[in-house]
Amino acid sequence: MTRPYNIGMIGYGFMGRAHSNAYANVAHYFDIEYQPVLKAVCARDGEKAKAFAAKWGYESVETDWKKLLTRKDIDAVDICTPNNLHKEIAIAAAQAGKAILCEKPLAMNAAEGEEMCQAVEKAGVANIVWYNYRRVPAVTFAKQIIDSGKLGKIFHYRANFLQDWTISADLPQGGQGLWRLDVAAAGSGVTGDLLAHCIDTAIWLNGGIGSVSAMTETFIKERKHNLTGKVEKVGIDDACAFLCRFTNGSLGLFESTRYARGHKALYTLEINGEKASIKWDLHDLHRLSYFDHRDEGPYRGWRSIHVTDGDHPYMGKWWVPGLAVGYETSFVHQVADFLGGLAKGKPAGPTFRDALETQKICDAVLASAKSGAWTKVG
Ligand SMILES: NC(=O)c1ccc[n+]([C@@H]2O[C@H](COP(=O)([O-])OP(=O)(O)OC[C@H]3O[C@@H](n4cnc5c(N)ncnc54)[C@H](O)[C@@H]3O)[C@@H](O)[C@H]2O)c1
């Protein structure tokens, strides 16, 4: 039996498109009881929202998210707005009894995140945060390999997220499209935007992080602000690197920047264990590199597994073995897992509470960069 599940989405930018695509397509590939209905999209500009609704098939449009939350025909609210709006919308949505799918990072900082956790837990509403890289099939497969014990004791975890789009000093900060450079809207720079992804994947794959030692840099100190028209101080971190100790005894090394000329979205991770190692690279997202020391001596070497077979995570739902799927399917998988979990009474994670852990690590990273000292998490 299937039943409709009405989505009200707030914000129609990059993530609004990625999520809409996932809702529109998930039931074509996955057998799910709750079938998403694109009930309403909310944005401040009514005309643009109408055009978006027509393109993606939303039934209606709202221009005030508070009004959207009063609607009885909305089951779940999807928060696709800049970070400074996550807390207010999520708490109000929880109080209105709506399930919530919230974009990452959960909040501007851990204190806000804790309030959001309490709100959803008090209301008893289903909640999930869009740390979608967990559901890239090769990354999910990495989790299966680690959990099977094939790597043995883990010694090292290394991750990078490198971009190059803010190198020009002429780029303004703030407003549509550039809110990521405005600390008041983003909360932080690469730490909350990019490293948060690396941290979520890391703690999912390798367990908790106990302490961190970080450095950050803001290479361009002042930029024109799009909302005020004035040249203002830049409050975000343009680059961040940190060392950490995982609670399982392994050592972590993370780096993110928007100043790595030539790199657009190079998210890479590598894990070295006693018996085997794995590597993954977002630019080649359907491959997982695997080295196993137990292989027969002369044949030992890195193998590149094309994660497209029917017995790889999620892949049995797509095409035939050998055919790859892309970035957008990580969102489809997240919707499938969330709705599948709802039907079973156990919504999939990362929940707000899971994502709060990432937020605490981001806070510790920024505090350490400020003080110059090793800093305990949480
Ligand atoms: N999971 C991921 O991989 C991923 C990738 C990109 C962004 N994000 C996160 O998604 C969120 C949105 O990022 P984006 O890249 O889509 O940004 P974007 O700038 O492309 O879109 C933001 C949207 O929010 C809307 N908005 C702003 N204020 C609003 C308000 N008061 N009411 C209604 N709508 C409002 C804007 O009009 C716009 O449509 C951020 O939290 C970001 O960190 C996650």
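This is a predicted model: local features need pLDDT of at least 70, side-chain atom pairs count only at pLDDT 80 or more; totals for chains, interfaces and linings use all residues.
Author: Let us begin with a term: a residue counts as buried if 20 or more other C-beta atoms lie within 10 Å of its own, and as exposed if 12 or fewer do.

Reader: Which residues of helix α2 are buried, and how should I read their arrangement around the axis of α2?

Author: The general idea is that an α-helix has 3.6 residues a turn, so residues three or four places apart point the same way. In α2, which spans residues 46-56, the buried residues are Ala 49, Phe 52 and Ala 53. Because these buried residues fall within an arc of 100° when seen down the axis of α2, they line one face of the helix. The face turned away from that buried side carries Glu 47, Ala 54 and Lys 55, which are exposed.

Reader: What do the buried residues of α2 pack against, and which residue follows the helix?

Author: They pack against β2 and against β3, the strand of residues 60-62. After α2 comes Gly 57, with a positive phi near 90°.

Reader: How should I read a strand such as β12, and is that strand mostly covered or uncovered?

Author: In a regular strand the side chains alternate between the two faces of the sheet. For β12, residues 251-257, the strand is mostly covered, with five of its seven residues buried.

Reader: Which strands pair with β12, and in which sense, parallel or antiparallel?

Author: Strand β7, residues 154-162, pairs with β12 in the parallel sense over seven bridges, and within this pairing Phe 161 has Ser 256 of β12 as its bridge partner. Strand β11, residues 239-246, runs antiparallel to β12 and is joined to it by seven bridges, with Leu 243 standing opposite Leu 253 in β12. Moreover, β11 and β12 form a hairpin with four residues between them, and Gly 249 in that turn has a positive phi of about 95°.

Reader: How is the chain divided into domains, and how many residues of each domain are in contact with the other?

Author: The size of an interface is often given as the accessible area lost when the parts come together, but here we count residues in contact. The domain assignment gives domain 1 as 3-132 and domain 2 as 134-376, and their centres, taken over C-alpha atoms, are separated by 23 Å. In domain 1, 37 residues are in contact with 39 residues of domain 2. The side of domain 1 that touches domain 2 takes at least two residues from each of α1, β2, α5 and β6, and α1 supplies its largest share, eight residues. By class, this side has 25 nonpolar, nine polar and three charged residues.

Reader: Which residues come nearest to the ligand, and what does each domain give to the shell around it?

Author: Of the 23 residues around the ligand, those that come nearest are Gly 11, Gly 13, Phe 14, Met 15 and Glu 103. The shell draws at least three residues from each of domain 1 and domain 2, and α1 gives the most to this shell, with three residues. The shell divides into twelve nonpolar, seven polar and four charged residues.

Notes:
Residues are numbered from 1 along each chain as its sequence is written. Two strands pair if DSSP finds at least two bridges between them. Domain bounds come from an automatic or database domain assignment. Two residues are in contact if their C-beta atoms, placed from the backbone, lie within 7 Å. Ala, Val, Leu, Ile, Met, Phe, Trp, Tyr, Cys and Pro count as nonpolar, Asp, Glu, Lys and Arg as charged, and the others, Gly among them, as polar. The arc is that of the directions from the helix axis to the C-beta atoms. A residue is near a molecule or strand if its C-beta atom, placed from the backbone, lies within 6 Å of it.
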